[in-house]
Amino acid sequence: MGSITEANQKECVLTSAHLPSGENGHQFIPEARRPDIESSFTRICSKEFSESDPLLLNAGTKLGQHQDEPQNFHVQEMPSESIWAMVIQILVPFLLAGFGMVLAGMLLDLVQHWDVFTTVTEIFILVPPLLGLKGNLEMTMASRLSTAAFIFRLVYKWNMIIGNLALKQIQATVLGFLAALVASALGWILEEELFMNHVALLCCCSIVTAFTASLLQGILMVGVIFGFKKVGVNPDNIATPIAASFGDLITLGLLAIISQGFFYSMEPYPYITYLVCIVFLSLTPVWAILSLRHPESQKLLFSSWEPIITALVISSLGGLILDRTVAEPMLEGIVLYTPVINGVGGNLVSVQASRVATYLHFHCPPGELPDDSKRCYCPCRSFYTTGPNGRSAQLLLMLAIPGHLIFIYTIYLIQGSSAPPTAVFISFYLVAAFTQVFLLLGTADVMVHCLWKCGRDPDSFSIPYLTALADLLGTAFLALCFLLVSLVT
């Protein structure tokens, strides 16, 4: 066995010495910036993977390809993208996602008067964390798969898909359970009383909602990413907005229906919520085994918990603000706009984070930064540079105000109100939304580069933090907006 291993390692080292160079038509890479391909091949032979290796062909082989075949690492030239193609590819899914968030806000405004929402008010604390699952899970998976699909470095495509879906299900179950516990704890601290039946109801509704929504959206994301990739559309511009457009509406609808159903079932069948929680939690070892069987998700099963749990806590703080403001007469209507401002901010910053991550995957190995990012760093750099990331940041920031104007008047038209929104409200709302997006885009550029410099995959780590921050900033700025409007008028 030892001789076989030594032979394989020797074979890999010899192969790496004969990799194709610029003579074969590939782009020439200067020696100072050329990745250590020999060490990558040695890692493959010894089965030592870095965090991003399971998803990208940084150190791996394609399906049906042997290890003795030559591999190219960072030798592709990043495809050019015209400004108009980028505008169209970002604008269409952005508007689609925004209309989905508008419907989600109107749905939340409708169901806030249901019995379960008026009796168990801690459900409002659950809303931002559960809606944030699209950032913690769906958008994160969409960004990883988009990066892999876009730069032609897929490793065992179906294994990667199955492993990611299984990983997402265990994450959704655990996060749903933790979100319910955090909501119950915050409600207990504020109200100074705790009802175990309410805790069981929150856990049951949160787990079932998170599990079902994650499964439906995960399957949808796989089809969207690889479908658009085949027709030549950049998945980085499409995948995360599509995840956002369906995520809020699906999650809120499931939460309302499931919570109302279990609320009415608690009296005749008091133990049904406990039984459902036990069943779904007992399935987590099954998803864990499926994830462990696929190297594409094995590493992330152990390394991806820090960002999503931290993001859950941050989103819960936004939910606490929503829970405290929803009953205030002067803040009436805040429920209607919360999914819109949170969703738009998270949508725009996710697109930028995914694009920057793809750019870094193309231009430098993990742990190193491009030459233009090694100088003294300014958080506002994205808004005045002329590179592809600068253009996308400027475009995304420009979309914030006209996009929100469209969504505000869409809400007005669908609701059929007698009077349109006042100029004072629109002004304060647009200032809040613009400030939120500006802060998020600046934070995204810093965070993605810092994560890459630390050797962590930005696709897996940045988006949960950024979407959670979008929830917190959006809810806080929106509450301040409504408060200022009430004081002025």
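**Pocket and helix packing**

Guide: The largest pocket has a lining of 31 residues, and those nearest its centre are Leu331, Glu332, Gly333, Ile334 and Phe482. Keep in mind that this is a predicted model.

Visitor: How much space lies in the largest pocket?

Guide: About 710 Å³.

Visitor: And how do the residues of its lining divide into nonpolar, polar and charged?

Guide: The lining of the largest pocket has 18 nonpolar, nine polar and four charged residues.

Visitor: Which helices each supply at least two residues of that lining?

Guide: Those are α4 (115-119), α13 (305-325), α14, α15 (388-415) and α17 (458-488).

Visitor: Where does the largest share of the lining come from?

Guide: From α14, which gives four residues.

Visitor: OK, on to packing. At what angle do α14 and α16 pack?

Guide: Helix α14, residues 334-363, packs against helix α16, residues 423-453, at about 25 degrees, and their axes are 9 Å apart. The two helices α14 and α16 are therefore roughly parallel to each other, the cut-off for that being under 35 degrees.

Visitor: What are the residues of the contact of α14 with α16 like: nonpolar, polar or charged?

Guide: In the contact of α14 with α16, 18 residues are nonpolar, six are polar and one is charged. As for handedness, α14 passes α16 in a right-handed crossing.

Visitor: Are α14 and α15 roughly parallel or roughly antiparallel?

Guide: Their axes come within 10 Å and cross at roughly 160 degrees. That makes α14 roughly antiparallel to α15. The crossing of α14 past α15 is right-handed.

Visitor: Back to α16. How many residues has it, and how far does it reach from first C-alpha to last?

Guide: Helix α16 has 31 residues and reaches 45 Å between those two atoms, close to the 45 Å expected at 1.5 Å a residue.

Visitor: What is α16 followed by?

Guide: By glycine 455, which has a positive phi, near 85 degrees.

Visitor: Then how do α16 and α17 cross?

Guide: The axes of α16 and α17 come within 9 Å, and the crossing is at roughly 160 degrees. Helices α16 and α17 are therefore roughly antiparallel to each other, since angles over 145 degrees count as such. Their crossing is right-handed.

Visitor: And how do the residues of the contact of α16 with α17 divide?

Guide: The contact of α16 with α17 has 26 nonpolar residues, five polar and no charged.

Key. Residues are numbered from 1 along each chain as its sequence is written. This is a predicted model: local features need pLDDT of at least 70, side-chain atom pairs count only at pLDDT 80 or more; totals for chains, interfaces and linings use all residues. Side-chain values use heavy atoms; hydrogens and water are left out. Axes are lines fitted to C-alpha atoms, for helices over the stretch in contact, and angles run from 0 to 180 degrees between N-to-C directions. Angles under 35 degrees count as roughly parallel, over 145 as roughly antiparallel, 65 to 115 as roughly perpendicular and the rest as oblique. A crossing is left-handed if the near helix is turned anticlockwise from the far one by less than a right angle, and right-handed if clockwise. Ala, Val, Leu, Ile, Met, Phe, Trp, Tyr, Cys and Pro count as nonpolar, Asp, Glu, Lys and Arg as charged, and the others, Gly among them, as polar. The expected span of a helix is 1.5 Å times one less than its number of residues. On a 1 Å grid over the protein atoms alone, a cavity is a set of points where a 1.4 Å probe fits but cannot get out, and a pocket is an open set with protein on both sides within 12 Å along at least five of seven lines; lining residues have an atom within 4 Å of a point. Grid points are joined across faces, edges and corners, and a volume is the space filled by probe spheres set on the points.
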